[in-house]
Amino acid sequence: MTVRYETTLWQRLSDNGLVVGDEPARTEDSAPWYVRTMLGIAGWVGALFLLGALFSGITMLVDSAFADGILGTMACLFAIIIYRIIRNNDFMGQFGFAISLAGQGLLVFSLMRGLQLFEGGEAFINQIRLLALMLSILQTILFLMIPNFLHRIWSGVICIGAITFLLIQFGLYPFTSTLLLAGAAIVWLQEFKWAKYSAMVQALGYSLVFVCIAHLITDNHVLGLSQFWQQTFGVRPLGSVWGNNLTALLSGGVLLAVVWIVLQRVQLPLMSGKGLGALLLALLIAVVGIRTQGITIGLVFVLLGYAHGNKVLTGMGLVTLVLFLSQFYYQLNLTLLQKSLVLFFSGIALLVVRQMMHVFWPKTDSNNA
Amino acid sequence: MRKSNRLILLEWAEQSRIDGSKLPQALHLTDAIPSGNDWHRFLDKLFLVLGTLLAVSGVIFFFAYNWDEIGRFSRFALVQGLIVLTLAGVWHLGLEKITGKVALLASGILVGVLLALVGQTYQTGADTYELFAVWCVLLIPWAFLSRFDMMWLFCLMLLNTAITLYYQTFGGFFSMVLGVEQMLWLLFIINTVALLVWEWLVQSGNTARRSVRWMTRLLATISGGLITTLAILAILAYKPFNLLPGLVGWIIWMLVAYHWHRKVELDVYVLAIGVLSLVAVTNVTLSRILFDSLSLNDSIGFLMVSLSVIAVSALGAVWLKRVVSEAQT
């Protein structure tokens with residue numbers, strides 16, 4: 001007779017007095033992350049075609065922003081009903097996802113027409129801001145109302161993206177990346193404390209991580225630092241040149257705080273040799289990260305992921321870390337020689353730390369911290 | 001491919017089946033979160049790989065700087081000295097240890113720096129693809145010697161880069177003969193052979209390799225992505241002669257992937273790649289039929305393709321979840 005893995009796990013917890021009663025019934029969503037990703041990609045493609053059908057069909061017959069808005073709202077409501085009433089059905093889940101995305105597309109299109117965004121004009125920037133505000137409200141409602149992980153990730157990313165855009169507009173750029181990092185760190189560190197709302201917390205945590213990485217990439221590789229915001233929206237970076245250094249330093253502060261909390265969780269005294277060593281190393285990386293914030297941010301995700309046994313988050317952090325090491329090449333305020341020295345000696349320092357770790361923190365069978 | 005202990009426990013906590021105050025203890029008991037030894041192992045590897053990567057990047061940047069004040073002799077002495085130094089490290093540490101393997105990989109990367117330096121100093125006029133091809137050839141014996149997965153992966157990356165650069169260089173001249181499809185076919189064949197060799201090694205009883213699932217998944221993603229692109233290009237081509245190889249290749253890939261990763265060495269990730277590929281190819285075919293052959297109205301055509309994408313992906317998800325469920329018992 002074969003026994004489910006969950007049954008064995010439940011029995012183990014029960015034997016240790018951590019749970020009582022029968023094993024809980026299996027939940028509907030037992031798919032690994034890659035199956036969810038596959039569904040997400042297919043859902044987006046399905047939604048694009050559905051949106052194409054709606055635009056080329058109904059909206060051509062009824063040429064009105066109001067009608068588009070009503071149709072979009074109805075599609076979103078229909079998606080909420082599908083997700084809340086029909087569970088355990090993959091086809092309806094995918095259909096609901098596509099309907100929701102197509103509905104959101106229609107709603108945004110109607111808002112853009114209603115706000116006369118296609119016509120430009122002086123009020124263009126304010127209208128864009130209003131659209132972002134509406135989008136963030138819409139996505140918050142969908143995030144709370146639709147109990148589906150994939151959809152929550154979508155809503156979370158769009159909502160946080162829109163809020164970040166608004167924060168930039170209110171003059172908080174370039175501190176937005178640090179705010180996103182701090183937000184992600186808080187959410188992930190509270191994951192176990194807020195376990196009652198685990199599905200929402202995880203979706204929110206991943207959304208913050210996605211937007212934070214996207215913010216970094218667009219900032220450094222696509223939009224060219226603050227030029228885009230300055231030229232298009234007239235937003236001046238807060239703190240000018242010092243703002244960039246200060247936000248990177250604050251990200252370093254987040255890294256130090258994460259290391260501090262992780263040390264406390266593994267019950268390692270902060271004033272012990274190991275504790276001080278870990279904090280000093282974090283400080284060193286935070287200083288190196290002043291020039292490339294991505295290194296600090298990547299490392300924060302690696303630590304958060306590993307501390308919580310989350311391989312996906314750890315992997316995302318590692319990819320960010322390696323990706324932003326290459327960003328060093330594009331730093332215009334340092335010569336290649338200076339960059340090479342920083343990289344080389346940072347690498348050597350890490351290798352030395354590793355050797356020291358073997359001396360001062362030898363691996364033992366009963367190593368708990 | 002089963003759910004992690006962390007996710008299972010969080011799910012039970014969400015259902016209030018585990019008391020919130022007991023959750024940290026439950027997470028520790030089931031090894032859902034790392035112990036002191038786990039942290040030690042993790043940091044050890046992280047510092048080793050990251051430290052080596054940073055140091056080698058520093059060397060690459062140094063030679064990219066092309067410092068005039070350093071003469072030719074000094075430059076060669078520096079890079080060759082570093083190669084000797086890392087090889088001495090390999091000799092000292094031995095190739096059984098991860099540190100020795102990483103030192104050999106660092107040495108291998110420095111060989112590329114040396115080749116680039118030769119090109120930079122003597123202006124050999126060689127094309128860029130030649131640098132990567134020669135670099136790859138030189139590293140293959142070291143890859144055999146080290147039996148290090150990362151070294152093989154690095155060689156494969158060099159080979160892929162060399163081929164892509166070759167087609168970029170000669171794309172204009174040989175465009176009649178050597179188009180983008182030929183390049184994709186060549187890349188597909190090379191990466192698929194690498195995948196088959198890897199799976200053969202896994203099957204031949206190497207338990208350490210069996211646990212390295214990321215290698216299978218990475219190679220399967222590249223190989224599957226290339227053959228799916230070739231199949232789509234074949235469907236979109238208007239000549240029947242072009243249709244056959246891409247589609248036949250795709251069907252064979254799908255059948256082999258299904259048989260191997262469902263019946264022999266279960267890997268739901270590869271099966272999910274297969275489902276996504278199936279969604280793409282069936283719907284490109286459907287679009288071609290609806291819009292080209294039947295000249296259907298746009299809105300009806302889009303709606304049908306949309307429903308087809310949703311149906312095929314949902315059916316795929318049902319099947320994948322069933323496979324996961326079977327594997328969990």
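Tyr34(A), Val35(A), Met38(A), Ile41(A) and Ala42(A) of helix α2(A) meet residues of helix α12(B). Their partners are Val268(B), Tyr269(B), Ala272(B), Val275(B), Leu276(B) and Val279(B). Contact means that C-beta atoms, placed from the backbone, lie within 7 Å. Nonpolar covers Ala, Val, Leu, Ile, Met, Phe, Trp, Tyr, Cys and Pro; charged covers Asp, Glu, Lys and Arg; the others, Gly among them, are polar.

This is a predicted model: local features need pLDDT of at least 70, side-chain atom pairs count only at pLDDT 80 or more, and totals for chains, interfaces and linings use all residues. Residues are numbered from 1 along each chain as its sequence is written, while chains are lettered from A and ligands numbered from 1 in the order in which they are written.

**Between the chains**
- The axes of α2(A) (residues 33-56) and α12(B) (residues 268-293) come within 9 Å and cross at roughly 10 degrees.
- Axes are lines fitted to C-alpha atoms, for helices over the stretch in contact, and angles run from 0 to 180 degrees between N-to-C directions.
- The two helices are therefore roughly parallel (under 35 degrees; over 145 is roughly antiparallel, 65 to 115 roughly perpendicular, the rest oblique).
- The whole contact takes 67 residues from chain A and 76 residues from chain B.
- On the chain A side, α15(A) gives the most, with 15 residues.
- That side of chain A divides into 40 nonpolar, 19 polar and 8 charged residues.

**A helix pair inside chain A**
- Helices α6(A) (residues 124-145) and α7(A) (residues 149-172) pack at about 150 degrees, with their axes 8 Å apart.
- α6(A) and α7(A) are therefore roughly antiparallel.
- Their contact includes Leu133(A) and Phe143(A) from α6(A), and Ile158(A) and Leu166(A) from α7(A).
- The residues of this contact divide into 11 nonpolar, 6 polar and 2 charged.

**Chain B as a whole**
- Chain B has 13 helices and 0 strands (DSSP runs numbered from the N terminus: helices are H or I, at least four residues; strands are E, at least two).
- Its radius of gyration is 25 Å, whereas a compact globule of 329 residues would have one near 20 Å (taken over C-alpha atoms; the globule rule is 2.2 Å times the number of residues to the power 0.38).
- The C-alpha trace of chain B spans about 70 × 70 × 40 Å along its principal axes.
- Of its 329 residues, 34% count as buried (20 or more other C-beta atoms within 10 Å of a residue's own; 12 or fewer is exposed, in between partly exposed; C-beta atoms are placed from the backbone).

Technical notes: Contact = placed C-beta atoms within 7 Å.
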